[in-house]
Amino acid sequence: GRVTCGYGTPMSSPAASGATPTPTGKPLVEASYITYVDAKTAAGRVALTVQNDGATSTIHKVTVAGKPASVLTGKDWNELLMADGARTLVIVVQPAVLTADKAPAALTAMAEKMLAFDAVVPSSAAASG
């Protein structure tokens, strides 16, 4: 399964007929959760993408919530990739929004927030919330 959210996606202008705007380009920021059949497959997919995308970018090894991840910085995109069990997290941000020098720290912080969505809420907090 895959869930991808795009932010800052360029849209077409509505036609005089009132047509609904449609996406016309890549989002400025795109975040994805992708699930696989098992952790080995997820880790393999991350390794393959880092290898392929790393050919045209700089690879930075980072840690997200104690787990290894890679940030790739390139001319056309900055990207974080990591496996977390049987799922992967992929965050892609265009350099116009996030420069390469700030990408490792910013993408790590974004991934930590994404992982926090799965955090177990203590029963006392859930009862009072």
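Q: What makes strand 5 and strand 6 a pair?
A: Two strands pair if DSSP finds at least two bridges between them. Strand 5 and strand 6 have seven bridges, in the antiparallel sense, so they count as a pair. Within this pair, L80 stands opposite I91 in strand 6. The two strands form a hairpin with two residues between them, and G85 in the turn has a positive phi of about 65°.

Q: What kind of model is this, and how are its residues and atoms handled?
A: The model is predicted: local features need pLDDT of at least 70, side-chain atom pairs count only at pLDDT 80 or more, and totals for chains, interfaces and linings use all residues. Residues are numbered from 1 along each chain as its sequence is written, and side-chain values use heavy atoms, with hydrogens and water left out.

Q: How do you know how strand 4 and strand 5 pair?
A: Four bridges join strand 4 and strand 5 in the antiparallel sense, and the rule asks for at least two, so this is a pair. V71 stands opposite L80 in strand 5. A hairpin of four residues joins strand 4 to strand 5.

Q: What joins strand 3 to strand 4?
A: Seven bridges do, and the two strands run antiparallel. H60 has V71 in strand 4 as its bridge partner. The hairpin of strand 3 and strand 4 has two residues between the strands, and A65 takes a positive phi near 50° there.

Q: Why are strand 1 and strand 3 called edge strands?
A: The open sheet has six strands in the order 1-2-6-5-4-3, with antiparallel pairing. Strand 1 (2–7) and strand 3 (58–64) each pair on one side only. The twist from one strand to the next averages 15°.

Q: How many helices and strands does the protein chain have, and what makes a stretch count as one?
A: The protein chain has three helices and six strands. Both are DSSP runs numbered from the N terminus: a helix is H or I over at least four residues, and a strand is E over at least two. From the N terminus on, the elements run β-β-α-β-β-β-β-α-α.

Q: How do you know which strands helix 1 touches?
A: Contact means heavy atoms within 4.5 Å. Helix 1 (residues 39–54) packs on the sheet and touches strand 3, strand 4 (67–73), strand 5 (78–84) and strand 6 (87–93). The direction of helix 1 makes about 160° with that of strand 5. Such angles run from 0 to 180 degrees between N-to-C directions, with axes fitted to C-alpha atoms, for helices over the stretch in contact. Helix 2 (residues 103–116) lies across strand 2, strand 3, strand 4, strand 5 and strand 6, at about 135° to strand 6.

Q: Why is A83 called partly exposed?
A: Buried means under 20% relative accessible area, exposed means over 50%, and partly exposed lies in between (1.4 Å probe, protein chains only). A83 has 24% relative accessibility, so it counts as partly exposed. A83 is found in strand 5, where six of the seven residues are buried. Leaving aside neighbours within four places in sequence, A83 is in contact with A42, A43, V46 and T88. The C-alpha atoms of A83 and Y33 are 9.8 Å apart, and these residues are 50 apart along the chain.

Q: What makes a set of residues a nonpolar core, and which residues touch the most other members of the largest one?
A: A nonpolar core is a set of buried Ala, Val, Leu, Ile, Met, Phe, Trp, Tyr and Cys residues joined through side-chain atoms within 4.5 Å. The largest core has 18 residues, and V64, L80, M82, L89, I91, L107 and A111 touch the most other members. Helix 2 supplies the largest share of this core, five residues. Apart from this core lies another of six residues, among them I34, V46, V50 and L72.

Q: What is the pLDDT of the protein chain, and where is it below 50?
A: pLDDT is the predictor's confidence in each residue, from 0 to 100. The mean for the protein chain is 88, and 87% of its residues reach 70 or more. Over residues 125–129 the pLDDT is below 50, and this stretch has one contact in the model beyond near neighbours in sequence.
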